[in-house]
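Reader: Please take me through the pockets of this protein, and what lines them. I would like a close look, in short sentences.

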Amino acid sequence: MPIDFYFCVGSPPCNSVRLLAKALKLDLNMKTISIPKQEHMTPAYLKINPLHTIPAISDDGFTLAESRAILSYLVEKYGKDDSLYPKDPKKRAVVNQRLYFDISTLYSNFAAYYFSVFVTGKFGAESHLTKLQEAYQVLDKYLDGQNWAAGDNLTIADMSLISSVTAMQAFDFDVSKYPNVIKWCENMKKLAGYDEIIVEGSEIIKNFYKSNKK
(Lines give C-alpha, C1' and ligand atoms only; values in the text may rest on other atoms or scores of the structure.)
Protein backbone atom coordinates (compact mmCIF):
# COMPACT_ATOMS: atom_id res chain seq x y z
CA MET A 1 0.00 0.00 0.00
CA PRO A 2 1.45 3.41 -0.96
CA ILE A 3 2.41 5.83 1.78
CA ASP A 4 0.34 9.02 1.75
CA PHE A 5 2.80 11.90 1.55
CA TYR A 6 1.53 15.38 2.28
CA PHE A 7 3.90 17.88 0.78
CA CYS A 8 4.42 21.31 -0.73
CA VAL A 9 6.28 21.59 -4.05
CA GLY A 10 9.73 23.12 -3.55
CA SER A 11 9.80 22.69 0.22
CA PRO A 12 13.31 21.63 1.39
CA PRO A 13 12.03 19.35 4.19
CA CYS A 14 9.66 17.70 1.73
CA ASN A 15 12.48 17.27 -0.79
CA SER A 16 14.60 15.36 1.71
CA VAL A 17 11.83 12.80 2.19
CA ARG A 18 11.38 12.48 -1.56
CA LEU A 19 15.12 11.82 -1.95
CA LEU A 20 14.96 9.05 0.60
CA ALA A 21 11.87 7.52 -0.98
CA LYS A 22 13.76 7.45 -4.28
CA ALA A 23 16.71 5.70 -2.63
CA LEU A 24 14.46 3.15 -0.92
CA LYS A 25 12.24 2.74 -4.01
CA LEU A 26 9.15 3.58 -1.98
CA ASP A 27 5.80 4.27 -3.57
CA LEU A 28 4.51 7.61 -2.29
CA ASN A 29 0.94 8.72 -2.82
CA MET A 30 1.68 12.40 -3.38
CA LYS A 31 -0.86 14.75 -1.80
CA THR A 32 -0.12 18.41 -2.46
CA ILE A 33 -0.91 20.84 0.34
CA SER A 34 -1.30 24.47 -0.73
CA ILE A 35 -0.06 26.94 1.86
CA PRO A 36 -1.59 30.00 0.10
CA LYS A 37 -4.95 28.23 0.15
CA GLN A 38 -4.48 27.42 3.85
CA GLU A 39 -4.92 23.70 3.20
CA HIS A 40 -2.48 22.98 6.03
CA MET A 41 -5.04 24.47 8.43
CA THR A 42 -8.05 22.38 7.43
CA PRO A 43 -9.62 20.09 10.05
CA ALA A 44 -8.72 17.07 7.91
CA TYR A 45 -5.03 17.96 7.79
CA LEU A 46 -4.90 18.98 11.45
CA LYS A 47 -6.00 15.46 12.34
CA ILE A 48 -2.90 14.20 10.57
CA ASN A 49 -0.60 16.89 11.97
CA PRO A 50 -1.92 19.21 14.71
CA LEU A 51 1.24 21.31 14.31
CA HIS A 52 0.05 22.04 10.72
CA THR A 53 3.56 21.82 9.27
CA ILE A 54 4.61 20.07 6.08
CA PRO A 55 5.59 17.34 5.29
CA ALA A 56 3.63 14.59 6.95
CA ILE A 57 2.94 10.96 6.12
CA SER A 58 0.23 8.43 6.73
CA ASP A 59 1.52 4.88 6.50
CA ASP A 60 -1.40 2.46 6.76
CA GLY A 61 -3.00 4.68 9.40
CA PHE A 62 0.22 5.62 11.19
CA THR A 63 0.72 9.37 10.90
CA LEU A 64 3.97 11.24 11.42
CA ALA A 65 5.18 14.80 10.83
CA GLU A 66 8.62 16.55 10.83
CA SER A 67 10.83 15.53 7.93
CA ARG A 68 13.78 14.34 9.98
CA ALA A 69 11.58 12.04 12.06
CA ILE A 70 10.01 10.78 8.84
CA LEU A 71 13.45 10.05 7.39
CA SER A 72 14.39 8.00 10.43
CA TYR A 73 11.11 6.09 10.43
CA LEU A 74 11.17 5.22 6.74
CA VAL A 75 14.71 3.87 6.89
CA GLU A 76 13.99 1.87 10.04
CA LYS A 77 10.90 0.29 8.48
CA TYR A 78 11.79 -0.02 4.82
CA GLY A 79 15.59 0.09 4.56
CA LYS A 80 17.23 -3.10 3.34
CA ASP A 81 20.22 -2.38 5.58
CA ASP A 82 21.31 0.26 8.07
CA SER A 83 23.74 2.16 5.84
CA LEU A 84 21.53 5.24 5.61
CA TYR A 85 20.84 5.25 9.36
CA PRO A 86 23.42 3.11 11.21
CA LYS A 87 22.37 0.99 14.16
CA ASP A 88 25.78 1.38 15.78
CA PRO A 89 25.16 3.79 18.69
CA LYS A 90 28.11 6.06 17.97
CA LYS A 91 27.53 6.25 14.23
CA ARG A 92 23.81 6.85 14.71
CA ALA A 93 24.56 9.55 17.28
CA VAL A 94 26.59 11.45 14.69
CA VAL A 95 23.76 11.18 12.14
CA ASN A 96 21.27 12.39 14.73
CA GLN A 97 23.53 15.28 15.69
CA ARG A 98 23.74 16.43 12.07
CA LEU A 99 19.95 16.20 11.74
CA TYR A 100 19.48 18.24 14.93
CA PHE A 101 22.09 20.72 13.71
CA ASP A 102 20.13 21.13 10.50
CA ILE A 103 16.76 21.79 12.12
CA SER A 104 17.97 23.84 15.09
CA THR A 105 20.78 25.89 13.56
CA LEU A 106 21.19 25.73 9.80
CA TYR A 107 17.62 25.55 8.51
CA SER A 108 16.11 27.57 11.35
CA ASN A 109 18.36 30.57 10.73
CA PHE A 110 17.87 30.24 6.99
CA ALA A 111 14.11 30.38 7.48
CA ALA A 112 14.32 33.24 9.98
CA TYR A 113 16.38 35.39 7.64
CA TYR A 114 15.03 34.58 4.18
CA PHE A 115 11.41 33.49 4.59
CA SER A 116 10.20 36.91 5.78
CA VAL A 117 10.62 38.03 2.16
CA PHE A 118 7.46 36.10 1.35
CA VAL A 119 5.52 38.19 3.85
CA THR A 120 7.22 41.59 3.90
CA GLY A 121 9.29 41.52 0.72
CA LYS A 122 12.39 42.06 2.85
CA PHE A 123 14.88 39.84 4.65
CA GLY A 124 14.87 39.22 8.39
CA ALA A 125 17.27 40.50 11.04
CA GLU A 126 20.96 40.60 10.17
CA SER A 127 21.65 38.57 13.30
CA HIS A 128 20.04 35.54 11.62
CA LEU A 129 22.26 35.96 8.57
CA THR A 130 25.30 36.09 10.85
CA LYS A 131 24.17 32.92 12.61
CA LEU A 132 23.56 31.28 9.26
CA GLN A 133 27.09 32.12 8.13
CA GLU A 134 28.42 30.69 11.38
CA ALA A 135 26.39 27.53 10.76
CA TYR A 136 28.01 27.17 7.36
CA GLN A 137 31.43 27.45 8.98
CA VAL A 138 30.47 24.56 11.25
CA LEU A 139 29.11 22.50 8.35
CA ASP A 140 32.33 23.14 6.45
CA LYS A 141 34.29 21.76 9.41
CA TYR A 142 32.04 18.70 9.61
CA LEU A 143 32.85 18.00 5.95
CA ASP A 144 36.59 18.55 6.27
CA GLY A 145 38.42 15.50 4.93
CA GLN A 146 35.30 13.47 4.20
CA ASN A 147 32.74 13.07 1.41
CA TRP A 148 29.67 12.77 3.60
CA ALA A 149 28.18 14.79 6.43
CA ALA A 150 28.03 12.08 9.09
CA GLY A 151 30.58 9.38 8.39
CA ASP A 152 32.04 7.24 5.65
CA ASN A 153 28.92 6.90 3.52
CA LEU A 154 25.69 8.57 2.51
CA THR A 155 23.10 8.87 5.30
CA ILE A 156 19.78 10.58 5.85
CA ALA A 157 21.75 13.48 7.34
CA ASP A 158 23.11 14.24 3.87
CA MET A 159 19.62 14.18 2.40
CA SER A 160 18.31 16.59 4.98
CA LEU A 161 21.26 18.94 4.77
CA ILE A 162 21.48 19.06 0.97
CA SER A 163 17.82 20.02 0.78
CA SER A 164 18.48 22.94 3.12
CA VAL A 165 21.74 24.02 1.49
CA THR A 166 20.43 24.05 -2.09
CA ALA A 167 17.38 26.03 -1.01
CA MET A 168 19.68 28.68 0.44
CA GLN A 169 21.57 28.89 -2.82
CA ALA A 170 18.26 29.67 -4.52
CA PHE A 171 18.23 32.82 -2.38
CA ASP A 172 21.73 33.68 -3.65
CA PHE A 173 23.44 32.81 -0.37
CA ASP A 174 27.19 32.96 -1.04
CA VAL A 175 28.81 29.55 -0.47
CA SER A 176 32.16 30.45 -2.03
CA LYS A 177 33.78 30.76 1.41
CA TYR A 178 33.03 27.14 2.27
CA PRO A 179 35.11 24.86 -0.01
CA ASN A 180 34.18 21.64 1.74
CA VAL A 181 30.49 22.43 1.38
CA ILE A 182 30.97 23.14 -2.33
CA LYS A 183 32.79 19.83 -2.82
CA TRP A 184 30.09 17.95 -0.92
CA CYS A 185 27.34 19.61 -2.99
CA GLU A 186 29.05 18.41 -6.17
CA ASN A 187 29.20 14.91 -4.74
CA MET A 188 25.51 15.00 -3.85
CA LYS A 189 24.56 15.80 -7.44
CA LYS A 190 25.18 12.11 -8.23
CA LEU A 191 22.30 11.13 -5.94
CA ALA A 192 19.30 9.48 -7.59
CA GLY A 193 16.50 11.99 -8.01
CA TYR A 194 18.73 15.01 -7.46
CA ASP A 195 17.76 16.80 -10.67
CA GLU A 196 14.04 16.13 -10.52
CA ILE A 197 13.72 16.84 -6.79
CA ILE A 198 16.48 19.18 -5.63
CA VAL A 199 17.13 21.20 -8.80
CA GLU A 200 13.47 21.62 -9.67
CA GLY A 201 12.64 22.46 -6.06
CA SER A 202 15.35 25.12 -5.97
CA GLU A 203 14.04 26.68 -9.17
CA ILE A 204 10.56 26.94 -7.69
CA ILE A 205 11.93 28.63 -4.58
CA LYS A 206 14.10 30.97 -6.66
CA ASN A 207 11.19 32.09 -8.84
CA PHE A 208 8.92 32.57 -5.83
CA TYR A 209 11.64 34.54 -4.07
CA LYS A 210 12.27 36.83 -7.03
CA SER A 211 8.57 37.53 -7.43
CA ASN A 212 8.26 38.58 -3.77
CA LYS A 213 11.50 40.49 -3.23
CA LYS A 214 11.16 44.27 -3.08
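Author: Five helices each supply at least two residues of the lining of the largest pocket: H1 (12-24), H3 (67-78), H4 (89-114), H5 (117-120) and H9 (194-212). This comes from a predicted model. Among these helices, H4 gives the most to that lining, with 4 residues.

Now the space itself. The largest pocket holds about 1000 Å³. Its lining counts 34 residues. Closest to the centre are Cys8, Ser11, Ile35, Tyr107 and Phe115. By type, the lining of the largest pocket splits into 21 nonpolar, 11 polar and 2 charged residues.

Next comes the second largest pocket. About 200 Å³ of space lies there. Its lining is made up of 13 residues. Thr166, Gln169, Lys189, Tyr194 and Ser202 lie nearest the centre of this second pocket. From H9 comes the largest share, 6 residues. The lining of the second largest pocket divides into 6 nonpolar, 3 polar and 4 charged residues.

For the largest pocket, the top contributor is H4.

How values were computed
Residues numbered from 1 in each chain as written. Predicted model: local features only at pLDDT ≥ 70, side-chain atom pairs only at ≥ 80, totals over all residues. Heavy atoms only, no water. 1 Å grid on protein atoms, 1.4 Å probe; cavity = no way out; pocket = protein on both sides within 12 Å on 5 of 7 lines; lining within 4 Å. Points joined across faces, edges and corners; volume = space filled by probe spheres on them. Nonpolar A, V, L, I, M, F, W, Y, C, P; charged D, E, K, R; others polar.
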